[in-house]
There are 4 protein chains.
Amino acid sequence: MPRLTIHRLSMAHPGDLSALEALFEAGTVRADQVRAVIGKTEGNGGLNDFTRGYFTQSLMLMLSARTGEAPGTLARRVPCVLSGGTEGALSPHYLVFSVAPDGGEGETGLALGTAFSPPTPVRDVGRDAQIRAVSDAVRAAMADAGIARVEDVALVQVKAPAPPVGDPGARSADAKVLMALSRAAAAVGVGLALREIAADRGTEAALLADLSVFSNRASISSGVEVTCNEVVVFGRAAHWAAGLVAGVAPMRDVLDLAGVQAAFAAAPGEVLGVIAKGEPDRSGAIRGHRHTMLGDTDLDAQRHLRGALGAVVAAVAGDGRVFVSGGAEHQGPPGGGLVCVFARQAGSP
Amino acid sequence: MPRLTIHRLSMAHPGDLSALEALFEAGTVRADQVRAVIGKTEGNGGLNDFTRGYFTQSLMLMLSARTGEAPGTLARRVPCVLSGGTEGALSPHYLVFSVAPDGGEGETGLALGTAFSPPTPVRDVGRDAQIRAVSDAVRAAMADAGIARVEDVALVQVKAPAPPVGDPGARSADAKVLMALSRAAAAVGVGLALREIAADRGTEAALLADLSVFSNRASISSGVEVTCNEVVVFGRAAHWAAGLVAGVAPMRDVLDLAGVQAAFAAAPGEVLGVIAKGEPDRSGAIRGHRHTMLGDTDLDAQRHLRGALGAVVAAVAGDGRVFVSGGAEHQGPPGGGLVCVFARQAGSP
Amino acid sequence: MPRLTIHRLSMAHPGDLSALEALFEAGTVRADQVRAVIGKTEGNGGLNDFTRGYFTQSLMLMLSARTGEAPGTLARRVPCVLSGGTEGALSPHYLVFSVAPDGGEGETGLALGTAFSPPTPVRDVGRDAQIRAVSDAVRAAMADAGIARVEDVALVQVKAPAPPVGDPGARSADAKVLMALSRAAAAVGVGLALREIAADRGTEAALLADLSVFSNRASISSGVEVTCNEVVVFGRAAHWAAGLVAGVAPMRDVLDLAGVQAAFAAAPGEVLGVIAKGEPDRSGAIRGHRHTMLGDTDLDAQRHLRGALGAVVAAVAGDGRVFVSGGAEHQGPPGGGLVCVFARQAGSP
Amino acid sequence: MPRLTIHRLSMAHPGDLSALEALFEAGTVRADQVRAVIGKTEGNGGLNDFTRGYFTQSLMLMLSARTGEAPGTLARRVPCVLSGGTEGALSPHYLVFSVAPDGGEGETGLALGTAFSPPTPVRDVGRDAQIRAVSDAVRAAMADAGIARVEDVALVQVKAPAPPVGDPGARSADAKVLMALSRAAAAVGVGLALREIAADRGTEAALLADLSVFSNRASISSGVEVTCNEVVVFGRAAHWAAGLVAGVAPMRDVLDLAGVQAAFAAAPGEVLGVIAKGEPDRSGAIRGHRHTMLGDTDLDAQRHLRGALGAVVAAVAGDGRVFVSGGAEHQGPPGGGLVCVFARQAGSP
């Protein structure tokens, strides 16, 4: 029976994997048991954020040296979902999810499954083809985890591709819009797979247009360093070792302190990792008062958002090691987002 | 017996005073009773933030049109303390403090006093001369308010001058350092006046060097739009109408949710305004985890800080109209800051 | 017979009109003879650049104090075309164009005419209605100058409105796109009036879509501080005092040193002012080599562009006081722009 | 007799070495003959620019795969001098310097030599110890190249270490100042080795303090990705194949078009690479007119500078692939810098 283990590790810079190396050296984690990595690097989170590619290259090289698999092969097997931008109180860190065989039996616990879509051509980004590819990958990842029912899924984390600027076949000539379309398609793909979104509403026509179409359990990042959709599913499943728990709650806006507290309450125990998504309210106001995130020429709206949302979540956690990602299109209600907390229940190993 | 009134008003842009104009038109506030304005404009908060000068010019023109006083005369009588930068969830707004005669008697209430130091030459910025000038101005403002004891002071808000770059007589050739020295000198001046800082420790040698020297009730901004130190003191005093209350609490770091909540608890009632100061921890870490505010080439450390601190305070307030100012040198403990809440007690007019 | 005079003045900050005040005091320029101001302020040039509004307010107040006209009336009579952003080698400055009666006769010289369109509703920005309004205003300004033939027009400078974010009737929900649409409509309006663009091609469908539709003599800025299209036309006309000359040349790309030199060669004499427009090449490359202006999350493409184009023009001029404005949609060939040099011919007063 | 070859290659992103890989595949360059790489990556050029580390890691991995040497060994043998920041018209690219045996004899040509100082402890950065270490390394690199006389040196390129923030032993607590001190120490070290600077003036006391102490042939970058001083010397030496030439000229300020043109005139032929250094004039003005590079809260002064200087040099070159690096402390006259052009003389292979 498999046991999921979560390690939260700090980095000195985006190429620094020494904390994980130390766990390998100590025998705490085995390189071939690493199933997924989710982390925050200190870039700007946009199209020209290369901290994600740097970290990914460094990780795959290190795993390669220990497993003997080629870095390219590893990159197609182990999702590495990174979000750039540690504005304000946030701290660069990464969560390592590893799965080991375990002697227990008959239990139900937190499960993890992964899947990779086929490579996504630039012309498919933000279109029905990407939506379907993500939806298929979510189902494959659920099967991989052994999660039988969609209601048992706690969170689906996706890293979706952001094509380089200037491709004439792309749905948008604006690189930021294309990144947003990629996130949007992935979120709708998750919502379709989890049956949160009806098939006739979850289409490319709805992307960035009808924000009433959304998933409450999708967390999507996009970046130039991936060319397909990488999917990680978390949820409860039989035949997994007990002890870990995931709590998820929606946030209605970036100031929704109660929403954040609800997610922590839903995952009692020692916090092992926190994932949050949110977005600047497109109406230009929060609770009736104008914000300035969307019209700032010098400071990107997502950098504004991560700094604010990250601080609220980190203040509740008492810890800046929070994965906060902006660009929550179709992920939670418009202007809001969601928080997911991973914790070890009291008395568990 | 005077009555202090606080109005919190929104602006569409830094030259928009229409909300105050409407109060004048309605007779709710009289222009000649405005004693101080404290506000946040949507600039970058740095040396090249001209939103503060724009707002100040617009305010003084409007007051001048109604009072008949020249704008220059008004600017030397009515402190206009602005902090640029409404990162993240913050909303551009301003607090108008007006004082009207009132029929009550024998009460003790929230009092306001103001004072202006003489013009500060560039060579005095960040030196003992500025410290003394601020200290003298604080005592003058206390006398103006009728606050008898230093322990009755809730908050001293100062706007200190930031000289333009390139003056050979300045203590530093670095404009940002000079802005910080000006805030530091003003904070130490407040601490001396309130007897929080011993006379032998509150000297120019301590500025930016010995951060164990600090005031818990000083909130300082600096900017190019002022050439002297403008001081506003709030506190309890006899012979002022009751009904308003100010609560102050220190924050030990930017994640100190309990500290923020303590300030709100200390000022029960309808919140009329919130003032917060904080700074990026100079150690490079918060609660043991590395932050990236101090080494970001693209995003100024104070913009990072305001976005994070502002969101935490705004989440507790449930409202983005919070005055948050970075650069908390010698204002609260190192790496931390303070929060001040103004509220109207239940049942008060 | 009127004589056009051009003064190039520096400012210490966006509210500093002291250099013009000094000219008024000395009697060099009369306030009621100021016909237009074109300047560069040290903002970011984007939607949240309030240095333009601050300068305009300061200018109109000063003119009002000397002419007795209300600031609002002056703002509808004297175009004040500002472009924010003095990146790199650029220096904040403004050109004051004044027209005085003069004893000469029978001459042909550099003429100036102005016109204001009616206020442009948000729903008209970037649509045929704005194109027509600008075209009409250009013809009115030519008539005002007494310029008889379109081929005698050297340059048309327009300040077009940029609506605030969030208006549901706007053609685009993206504030930057809306600013670009406003510039595009004004440029096409100029091209129609100067018969550079055929009537059936100069329509709202072409805006930002068909960049082969352009004017070689249009220079457009857009900003939130104006609500109508302000037009200034320069050209040769009979019955104007001789002595000044304007030279214009297109730039094929931002590195077109020869193009810049051609404009200076076309206006021999003492340089009085320089105006340049340009844009980041939308193909993502300049002369076959990739540039990074369009995909930078931290530094706006127009700030990139102004710093580069401004330095090239300033290096030829040997002077950083160059009006450089990005956003050259439909102004000069795609990826390029234009340069206009004003000079006093040798021997002229 | 060795022959120096220079290839100028483009990259799609900072981890893209495919152009060099193609040269290896084609047999045009042999991996074991690569002696140095100098390049520009599309980061921000500051302390948190990780594009340099990413490129370096990618380069060393690729060389390692072909030479069999460990990446760490290669990194101590092959200098990889990168400057982040391709603002404006600049294009990400790198110069590969390789040296092959050649059948010629008796010639004098462009020579290259390299040397690495011992690791520089944080406490030595910006101090006499670093100055001496660089000076020694320059002499070692000259010997490596066989350059006999200091007047035959054309350019010394150094990559100096920038320690991470927060080290208590560092000469400055300000990360930007520490980067500048490291560049300054390296430049003075070069000037001492080339006998441009007298021994009694080239001391740590002069660093960032006495800018009249400078080298006209030093080009220094600093970054967190190196921990020692990496030195590459170019110059004329006997027993090197003829055909390549290097021209160097000082720039007195960022607008010094004639200075740039002089460097190109000094290296007639097909341009193979261009290296330029410059800095924002610390007086706050260029040729008497105020610039705004040093007081911009949102846009780093070095980003301003590179965009401006890069465009001027690229306009003369007609090509955006120019290595432009800011931070020219003690490199060329104050407020100015230098330009070095590598070219292949007509008729050479």
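Trainee: How much accessible surface does chain A have, and what share belongs to carbon and sulfur atoms?
Mentor: Good place to start, and keep in mind that this is a predicted model. The accessible surface of chain A comes to about 10900 Å². Of that area, the share belonging to carbon and sulfur atoms is 52%.

Trainee: What percentage of the residues of chain A count as buried?
Mentor: A residue counts as buried when its relative accessible area is under 20%. Applied to the 349 residues of chain A, that cut-off gives a buried share of 64%.

Trainee: Why does the radius of gyration of chain A agree with a compact globule?
Mentor: Start from the chain length: for 349 residues, a compact globule would have a radius near 20 Å. Chain A agrees with this because its own radius of gyration is 19 Å.

Trainee: How many helices and strands does chain A have, and what share of its contacts join residues at least 24 apart?
Mentor: For the elements, chain A has seven helices and 14 strands. For the contacts, take those between residues at least 6 apart in sequence. Among these, the share joining residues at least 24 apart is 84%.

Trainee: Which residues of chain A lose the most area to chain D?
Mentor: Happy to walk you through that interface! There, 11 residues of chain A are in contact with 11 residues of chain D. The two chains bury about 1000 Å² between them, with carbon and sulfur atoms giving 65%. On the chain A side, 55% of the buried area comes from three residues together, the ones that lose the most: A:Phe50, A:Tyr54 and A:Gln57.

Note on methods. Residues are numbered from 1 along each chain as its sequence is written. Chains are lettered from A and ligands numbered from 1 in the order in which they are written. This is a predicted model: local features need pLDDT of at least 70, side-chain atom pairs count only at pLDDT 80 or more; totals for chains, interfaces and linings use all residues. Side-chain values use heavy atoms; hydrogens and water are left out. Helices (H or I, at least four residues) and strands (E, at least two) are DSSP runs, numbered from the N terminus. The radius of gyration is taken over C-alpha atoms; the globule rule is 2.2 Å times the number of residues to the power 0.38. Buried means under 20% relative accessible area, exposed over 50%, partly exposed in between (1.4 Å probe, protein chains only). Contact means heavy atoms within 4.5 Å. Accessible areas come from the Shrake-Rupley method with a 1.4 Å probe; for residues, only the protein chains shown count as cover. Buried area is the accessible area (1.4 Å probe) that two parts lose on being put together, summed over both.
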